[in-house]
Amino acid sequence: MRYIVITDIHGEREKLDSVLSQIEMRPDDVFVFMGDYIDRGPDSRGVVDRIIELGETHKCVYLMGSHEYALLHAKTDDYYQFLFDNYGGPATVRSYGSFENIFKVHGDFFRNLKFYYLTDKYLFVHAGINPDYPLEEQDETDLVYIRSKFIYSKHKLPQKIIFGHTEFDAPLVQNDKICIDLGCGKYPDAHLCALILDNGKEEFIYS
């Protein structure tokens, strides 16, 4: 079994297709998508369509990102409405035709996203964890929004943590964590990165 991990696609369907086309997929591959499928780029709907489609042939795990979290809370909380409006949400609305149509088309997908995926060797999560608390006591907003406190601290889990949310010029590889957000969707020339985890080997694929 291999884990193929992708995060922070941000509406860039062409970059997603580019990355997937470079992977010689095997039947037992497990794809872990770690959130931020939407906003900024031109084709949020196409991105979600593609990863759902991939779930018809492979096991796929779909995690919650900060942008999906804002989307789900936008109409009940002014703060998250502000985040959605100012961090790329209008591009998502254009992609779906209207805000309401986002939920008509993919509402079940967004509402069923998980906050993390834990295996014996890895914890997959969008942003990270608060190192002061055990996994079962994490605040869900930390799981999708935390940055420096997690990135620049050692955590206490035995698993290596794979995450996104905070962009770097190249994958951030530390002994206890790996970040693969390279700013796709935020910067026109930024790459989308996929990480292939195969029996201890780590391979990076770029759009």
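Predicted model: local features only at pLDDT ≥ 70, side-chain atom pairs only at ≥ 80, totals over all residues.
When I call a residue buried, I mean that its relative accessible area is under 20%, when I call it exposed I mean over 50%, and partly exposed is what lies in between.

Side chains of opposite charge can pair when their charged atoms come close. A search of the whole structure finds 12 salt bridges, and I would like to go through a few of them with you. In one of these pairs, Asp 17 bridges to Arg 13, with 3.0 Å between the closest N and O atoms. The two residues sit 4 residues apart in helix α1, which covers residues 13-21, so about one helical turn separates Asp 17 from Arg 13. How accessible are these two partners, buried or exposed or something in between? Asp 17 has a relative accessible area of 29%, and because that value falls between the two limits I began with, Asp 17 is partly exposed. Arg 13, at 24% relative accessibility, is likewise counted as partly exposed.

Now please look at helix α2, residues 44-54, where Glu 53 and Arg 50 lie 3 residues apart, again about one turn of the helix. Glu 53 and Arg 50 form a salt bridge too, and the closest N and O atoms are 3.0 Å apart. Here the two partners fall into separate classes, since Glu 53 is partly exposed with a relative accessible area of 42%, whereas Arg 50 is buried at 16%. These two pairs also belong together, as Arg 13, Asp 17, Arg 50 and Glu 53 are linked in a network of salt bridges.

Another pair is found in helix α6, residues 99-111, where Arg 111 and Asp 108 are 3 residues apart, or about one turn of the helix. The salt bridge between Arg 111 and Asp 108 has its closest N and O atoms 3.3 Å apart, and Asp 108, with 55% relative accessibility, counts as exposed.

While we are on arginines, I would also point you to Arg 2, which lies in the segment before β1, residues 3-6. Arg 2 counts as buried at 8% relative accessibility, and a polar atom of its side chain lies 3.0 Å from the backbone oxygen of Glu 24.

Let me turn to the cysteines. A disulfide is a covalent bond between the sulfur atoms of two cysteines. How many disulfides does the structure hold? The number is 0. Cys 179 is in no disulfide, and the nearest cysteine sulfur to its own, that of Cys 193, is 9.2 Å away.

Next comes the largest pocket, which holds about 310 Å³ of space. Which residues lie nearest the centre of that pocket? They are Arg 40, Ser 66, His 67, Tyr 87 and Arg 147, out of 20 residues that line it. Two or more lining residues come from each of the elements α3 (66-73) and α4 (78-86). Sorted by class, the lining has 7 nonpolar, 5 polar and 8 charged residues. Arg 147, one of those nearest the centre, is placed in the loop between α7 (140-145) and α8 (148-151), and Arg 147 is partly exposed, with a relative accessible area of 38%. Along the chain Arg 147 is 17 residues from Asn 130, and their C-alpha atoms are separated by 9.2 Å.

I will finish with the backbone. His 10, in the loop between β1 and α1, has a phi near 50°, and it counts as buried at 2% relative accessibility. Asp 39, in the loop between β2 (30-33) and α2, has a positive phi of about 75° although it is not a glycine, and Asp 39 counts as buried too, at 1% relative accessibility.

How values were computed
Residues numbered from 1 in each chain as written. Heavy atoms only, no water. Salt bridge = Lys/Arg side-chain N within 4 Å of Asp/Glu carboxyl O. Buried < 20%, exposed > 50% of the residue type's maximum accessible area, 1.4 Å probe, protein only. Disulfide = S-S within 2.5 Å. 1 Å grid on protein atoms, 1.4 Å probe; cavity = no way out; pocket = protein on both sides within 12 Å on 5 of 7 lines; lining within 4 Å. Points joined across faces, edges and corners; volume = space filled by probe spheres on them. Nonpolar A, V, L, I, M, F, W, Y, C, P; charged D, E, K, R; others polar. Polar contact = N/O pair within 3.5 Å; in protein donor to acceptor, adjacent residues only side chain to side chain.
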